Amino acid sequence: MGGFESIHVVLVPGADALAFEADIAAAAERGVLAHVVEYDPPKGHPIDDCEAYYQAVSMQIHAVAADIRAQAPDARVFGFGRNLGGSILAYHAARPDEFREDFQGLVMIGVIPELSTFRIHGDHSSAQRFRDSLSGPTEIARIGDIAPLDMTASLATHPVDRCLIQIGEQDDYMDDRAVAIFRKLESRFPSEWLDDVHAMAAPDTVARRWAFIEALAEGGRQS
Amino acid sequence: MMEKRSIIWFIVAGLLGGVLLNGAAFAAGKHTDGDSGVHTDEHGTPLGVPGDPHKVDRTIATSSRPITSTASRHCP
């Protein structure tokens, strides 16, 4: 059982709603309660309504965490965010209100470190489709407006020992710009480069993030 | 009588086709919004048109719908 007593994990999937099957199984093995946040894909204008969308999903994340604490006041709550879910979870943890206290630790899983940079410059089909979804050059020139929502911006003030970043070496979303950003981030945050793809669900990847929160939980118990 | 039966078969075939198309999108692991038909990738960007993953399918990429709340799920 180890150090998993009274631990809850909130799982925030990517916008494709890919299930956290391996993590749900890992939680069950350890006697941990897992909670999946189910949210709608983005709606509204991709730039102008982006922060409102992040806020709306953040409210859902907070509702899940608050419900856990209402039922188990001593619960230690950790958050796993995959892809867009990681970007939003980082945004949630950076909010200047009580929301930032929802989690004792975070794991960023396959998160594009700067979605704005990716969408402005990226050659990946997702970046090209994002530009294609805009009305023209004037809107494309405004993609930088969403930079304050980037994971790098959100983690700027986050406690460095309470966030693990997992990066897939076979992740085709991570271009040279993303790798350069991760090289800077890894000087601050624990970072793992793993033989994995964008979904980051390989057994070793899953085991490592659970080891991270177990270590955090052990540290929290001793302090 | 024959004409009436043809209409019924047409409706049944249409319904079955809709169910199969939604099932295929679900099996592909992509999010399909049940009421709007919006399809996105892992980062919320609309999916591409068949045969060209770089281009957005503007027939399904809506941009003016309100954000709606959804549930969370507890996994014991």
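Visitor: What percentage of the 223 residues in chain A is buried?

Guide: This is a predicted model, in which local features need pLDDT of at least 70, side-chain atom pairs count only at pLDDT 80 or more, and totals for chains, interfaces and linings use all residues. Side-chain values use heavy atoms, without hydrogens and water, residues are numbered from 1 along each chain as its sequence is written, and chains are lettered from A and ligands numbered from 1 in the order written. Buried means under 20% relative accessible area, exposed over 50%, partly exposed in between (1.4 Å probe, protein chains only). In chain A, the buried share of the 223 residues is 56%.

Visitor: Which residues touch the most other members of the largest nonpolar core?

Guide: A nonpolar core is a set of buried Ala, Val, Leu, Ile, Met, Phe, Trp, Tyr and Cys residues joined through side-chain atoms within 4.5 Å. The largest one holds 46 residues. Those touching the most other members are Tyr54(A), Met108(A), Met151(A) and Ile165(A).

Visitor: Which helix of chain A gives the most to this core?

Guide: Helices (H or I, at least four residues) and strands (E, at least two) are DSSP runs, numbered from the N terminus. Elements of chain A that each supply at least two residues of this core include strand 1 (7-12), strand 5 (163-168) and helix 8 (176-185). The top contributor, with seven residues, is helix 2 of chain A.

Visitor: How many residues are in the other core that lies apart from it?

Guide: Its members include Ile7(A), Val36(A), Phe80(A) and Val107(A). The residue count of this other core is 23.

Visitor: Is Cys163(A) buried or exposed?

Guide: Its relative accessibility is 0%. Therefore Cys163(A) counts as buried.

Visitor: How many disulfides does a search of the whole structure find?

Guide: A disulfide is a pair of cysteine sulfur atoms within 2.5 Å. The search covers all chains. The number found is zero.

Visitor: Which strand of chain B has the highest mean pLDDT among the elements of that chain?

Guide: pLDDT is the predictor's confidence in each residue, from 0 to 100. The mean for chain B is 64, and 45% of its residues reach 70 or more. Strand 1 (residues 31-32) of chain B has the lowest mean, 50. The highest, 85, belongs to strand 4 (residues 52-56) of chain B.

Visitor: How many contacts beyond four places in sequence does the model have for residues 62-69 of chain B?

Guide: Contact means heavy atoms within 4.5 Å. Over residues 62-69 of chain B, pLDDT stays under 50. The contacts beyond four places in sequence number 15.
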